[in-house]
Amino acid sequence: MVTLYVGGKAVKWADAEHLFADDTLTESVELRNAAGRVLGVFAPVEDPDWVKAITPEEIARRRAGPFLTLEEYRRQTGEQ
């Protein structure tokens, strides 16, 4: 049997979906076997700055800007 621990406290599997779906999880999550041995540790990570910069406005700005098709790029760089 595997037990789920959040912040060092055992959590029922039935409550696990709520914990993972909630965006406020800040503590590490551990999976332990019946003997208490840690099988895996998962820690929440914050999105890096480049992910945070992907906003609908930034996407629209880039789509409106100049771009090349792959064929045009290859012609400009001399690739075939």
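Arginine 62 and glutamate 58 sit four residues apart in helix 3, about one turn of the helix. They form a salt bridge, with the closest N and O atoms 2.6 Å apart. Arginine 62 has a relative accessible area of 58%, so it counts as exposed. The model is predicted.

**Salt bridges**

The structure holds five salt bridges. The table lists three of them, including the pair above.

| Arginine 32 | Glutamate 30 | 2.5 Å |

Arginine 75 and glutamate 71 are four residues apart in helix 4, so about one helical turn separates them. Both are exposed. Shared partners also join salt bridges into one network, made of Glu58, Arg61 and Arg62.

Arginine 32 is partly exposed, because its relative accessibility is 22%.

**Rings and surface**

Arginine 32 also lies over the face of tyrosine 5, at 4.4 Å from the ring centre. The count of aromatic pairs is zero.

Tryptophan 13 belongs to helix 1, residues 13-21. Its relative accessibility is 48%, so it counts as partly exposed. Together with Val2 and Leu39, Trp13 makes a nonpolar surface patch of about 290 Å².

**A loop glycine**

Glycine 65 lies in the loop between helix 3 (56-64) and helix 4 (70-77). At 22% relative accessibility, glycine 65 is partly exposed. Glycine 36 is 29 residues away along the chain, and 56 Å separates the two C-alpha atoms.

Conventions
Residues numbered from 1 in each chain as written. Predicted model: local features only at pLDDT ≥ 70, side-chain atom pairs only at ≥ 80, totals over all residues. Heavy atoms only, no water. Patch = residues over 30% accessible without salt bridge, like charges linked within 9 Å, V, L, I, M, F, W, Y side chains within 5 Å. Areas by Shrake-Rupley, 256 points an atom, 1.4 Å probe, with all protein chains shown as cover. Salt bridge = Lys/Arg side-chain N within 4 Å of Asp/Glu carboxyl O. Helix = DSSP H or I, 4+ residues; strand = E, 2+ residues; numbered from the N terminus. Buried < 20%, exposed > 50% of the residue type's maximum accessible area, 1.4 Å probe, protein only. Phe/Tyr/Trp six-rings, centres within 6.5 Å; stacked < 30°, edge-to-face > 60°. Lys NZ or Arg CZ within 6 Å of the ring centre and 35° of its normal.
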